[in-house]
Amino acid sequence: LEANITRIAELVRQPRSLDAVLERTVRELASTLPATEVIITLVEGLGDCSHAVWDTSGEVHIVHHANEDALDEATLIRAAVHHGDVIAVSDVSTYHFGDDGTIARALLDRGICAVLVTPVFTGKTPLGAMVVHAGRVGEWPDASHRLVRAIARELAAAVQYTSAQQREQEMLARLDALDRVQRGFITSVADELRTPLLSIASSLDRLGEDNAAQLDPDQRRSLRIVKIHSERLTAVLEGLLTLSRVESRAATTAFSSVAVAPLMEGLRRYATRLRGDRQLVLNFSEPADGMALHGDEAQLHRALANVIDNAIKFTPDGGEVTITVRATGDLVSFVIIDTGIGMSDEDRPRPLIRWLRPRSINDGARGGIGLEIVRSVVEHHGGALDIDSVPGAGTTVTLSFPRLGASVRPARQTRQTRNG
């Protein structure tokens, strides 16, 4: 008996769909007990009523959206659920079903002489019942009672698990649909705003060039402020569009070989242009010959450029920004170190909170869209993003990506460390 219980319990736990759980359970009960028919009915509460029926033909029929009251055994099922334990009928012809004999006649007409009904509960909540029919009159032994009770417990756990899985999949599908709507909305709004912003920027440039001699200092200052905010808003919109493109292409982007040397050279030119005439020291390491990544070159450049942008922006004159690259195992890691203002706990980009802007910085944000783009690119490449920062002493950001030929691993959660 114990061996049968263990064997059936393991089999019932294996399937990952409700239909498979029901089919496996009715077949195992039929093979273990002297049954001519096995029925499992799941009542309302998990959704629509479902029946799984095995008979001597060896076939299993599963019916969803079924009518529980249509079963001849409905009265017994309700009684077992109300009683909370097994109901064993050794002789249908002599059992009182609480009616005028219609139920007994219907069962006898189907060749059913004995019935074993077991309620299925999760906690105190009824999920349904298991019904075993026998073609001859006879007592159901205690071992049968123990077996069906144990299987009922396993069935309840399996049904709950598969139902939870189904709800999770449905929720993920809804979230994915909402995410697509959000990306579409962001893209549409950004596209609509980009053209007037470009027109504003162009008009500001002409205004400054054509009327520079006629503007007093206050007017020139106001014009400069408007231009700065116009450029900042344009950058925000471009960031939103880039983020939307990165995430929408995540499932379809065709990765290829990306040589690290040209990538680093492009980043060097970008950083030099961004520094301008500021008194900052830029240090770039030379990658090893033949070092290559597996990924999307445009996305990789944008992610690394965003980190370098932050490093230069938040490092005062006289400081240093160092960009190194190294290969370790299956990964190529880019390390961007600055001697800037660092980040406090409240300034750090927080997981799952997009576009967070630090409260303590008035002229920009080390978090925000830029680092959200970085996070998305790293995730889509199966890489890792590590941030170490000392408030007032600098920040180190490490982006690791799979080397060419390495298997892509699931994306790691961003790791953030506060030192000092």
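Q: Where in the structure is Met130 placed?
A: Met130 lies in strand 6 (residues 125-134); strands (E, at least two residues) and helices (H or I, at least four) are DSSP runs, numbered from the N terminus. The model is a predicted one, in which local features need pLDDT of at least 70, side-chain atom pairs count only at pLDDT 80 or more, and totals for chains, interfaces and linings use all residues. Residues are numbered from 1 along each chain as its sequence is written, and side-chain values use heavy atoms, with hydrogens and water left out.

Q: Is Met130 buried or exposed?
A: Buried means under 20% relative accessible area, exposed over 50%, and partly exposed in between (1.4 Å probe, protein chains only). Met130 counts as buried because its relative accessibility is 1%.

Q: Which residues is Met130 in contact with, leaving aside its neighbours within four places in sequence?
A: Contact means heavy atoms within 4.5 Å. On that basis Met130 touches, among others, Thr25, Leu29, Ile39, Leu116, Val148 and Leu155.

Q: How is the packing of helix 7 and helix 8 described?
A: Two packed helices are described by the angle between their axes and the distance between the axes. Axes are lines fitted to C-alpha atoms, for helices over the stretch in contact, and angles run from 0 to 180 degrees between N-to-C directions. Here the axes of helix 7 (residues 260-275) and helix 8 (residues 297-313) come within 10 Å and cross at roughly 35°. The contact includes Leu263, Leu267 and Tyr270 of helix 7 and Leu300, Leu304 and Ile308 of helix 8.

Q: How many aromatic pairs does a search of the whole structure find?
A: A pair of aromatic rings is described by the distance of the centres and the angle of the planes. Rings of Phe, Tyr and Trp (its six-membered ring) pair if their centres lie within 6.5 Å; planes under 30 degrees apart count as stacked, over 60 as edge-to-face and the rest as tilted. The search finds two pairs. Tyr95 and Phe97 are edge-to-face, at 4.9 Å centre to centre and 70° between the planes. Tyr95 is partly exposed, at 31% relative accessibility, whereas Phe97 is buried at 8%. Phe334 and Phe401 are also edge-to-face, at 6.3 Å and 65°.

Q: Which parts of the chain does the pair of Phe334 and Phe401 link?
A: Phe334 belongs to strand 11 (residues 331-338) and Phe401 to strand 13 (residues 394-402), 67 residues apart. Phe334 is buried at 1% relative accessibility, and Phe401 is buried at 0%.
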